[in-house]
Every structure is written in C-alpha cells, then in structure tokens.
Amino acid sequence: TSTLDSVRVVPNPYNLASEESIRWPDRQDKMGFLNVPGYCTIKIYTEVGELIRTIEHTDGSGDEYWDMTTDYTQLVVSGIYFAVIQEQDAQGNMTGNKIIRKFTVIR
C-alpha cells in the first residue's frame, strides 16, 4: 500500500458553526491535511473542477494546514472540495504517487 493511503483531511466536514472545542485551538479557520508525505503538492479544487489553491508542502513533516483561502486570498464558500495530493522526492520531482480526498465546507 502507498504511504498516501493514510492521508486525512480534518475536520471533515468543516463547519464554522461547530463548537470551538472541536476546532483548532490556535486558529479557527483552517483545515489540516494529516499524514501527508514530507514533500508533496496539495491542489484544492471545487466540485466543478476549478483549481483554487496550490500548496507546496516542503518542510518534511507529515502535516500541512490550509487557511481556507484561494490563491487570490478569497475565503472559500460552502461546498464540496477535492484535495489532490501528489508526492514528491526531496528534490521536488513528482514521484507519480497521488491520492484524492473529498471534503466539505459548511459556513
């Protein structure tokens, strides 16, 4: 199995009206991509396939966080989104391994 099988998007669904105790203590408006490869690209698409954000994860850790804004710093709206996580090697070359995760935002 690929190391990508354990990738999780949390919270899912993201619900702005949920209790603060189950959201991130340091910052409310963010989503976590957990168990990602240490080097990867995370591309976030709307349900109609529009690419709204590209995150280059290069710190070698297994977690990346998203402030729920587009590449143009607009706050995302309620809807269904897809994260395409593509693994890279330490030099930034794509390995060919990728996984897609679906998640929901409720504002």
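His 57 lies in strand β5, residues 51-57; strands (E, at least two residues) and helices (H or I, at least four) are DSSP runs, numbered from the N terminus. The model is predicted, so local features need pLDDT of at least 70 and side-chain atom pairs count only at pLDDT 80 or more, while totals for chains, interfaces and linings use all residues. Residues are numbered from 1 along each chain as its sequence is written, and side-chain values use heavy atoms, with hydrogens and water left out.

His 57 is buried, with a relative accessible area of 0%. Buried means under 20% relative accessible area, exposed over 50%, and partly exposed in between (1.4 Å probe, protein chains only). A polar atom of the His 57 side chain lies 2.7 Å from the backbone oxygen of Ser 61. Leaving aside residues up to four places away in sequence, the residues that His 57 touches include Tyr 39, Cys 40 and Glu 64; contact means heavy atoms within 4.5 Å.

Glu 64 is also touched by Ile 42, a residue of strand β4 (residues 40-46). Ile 42 is buried, with a relative accessible area of 0%. Ile 42 and Glu 64 are 22 residues apart in sequence and 9.1 Å apart in space, C-alpha to C-alpha.

Phe 33, another contact of Ile 42, belongs to strand β3 (residues 31-34), where Met 31 and Phe 33 on one side and Gly 32 and Leu 34 on the other are all buried. β3 pairs in the antiparallel sense with β1 (residues 8-10) over 3 bridges; two strands pair if DSSP finds at least two bridges between them. Here Val 10 stands opposite Gly 32. β3 also pairs in the antiparallel sense with β6 (residues 63-66), over 4 bridges, and Met 31 stands opposite Trp 66.

Key: A polar contact is a pair of N or O atoms within 3.5 Å; within protein, one must be able to donate a hydrogen and the other to accept it, and residues adjacent in sequence count only if both atoms are side-chain atoms.
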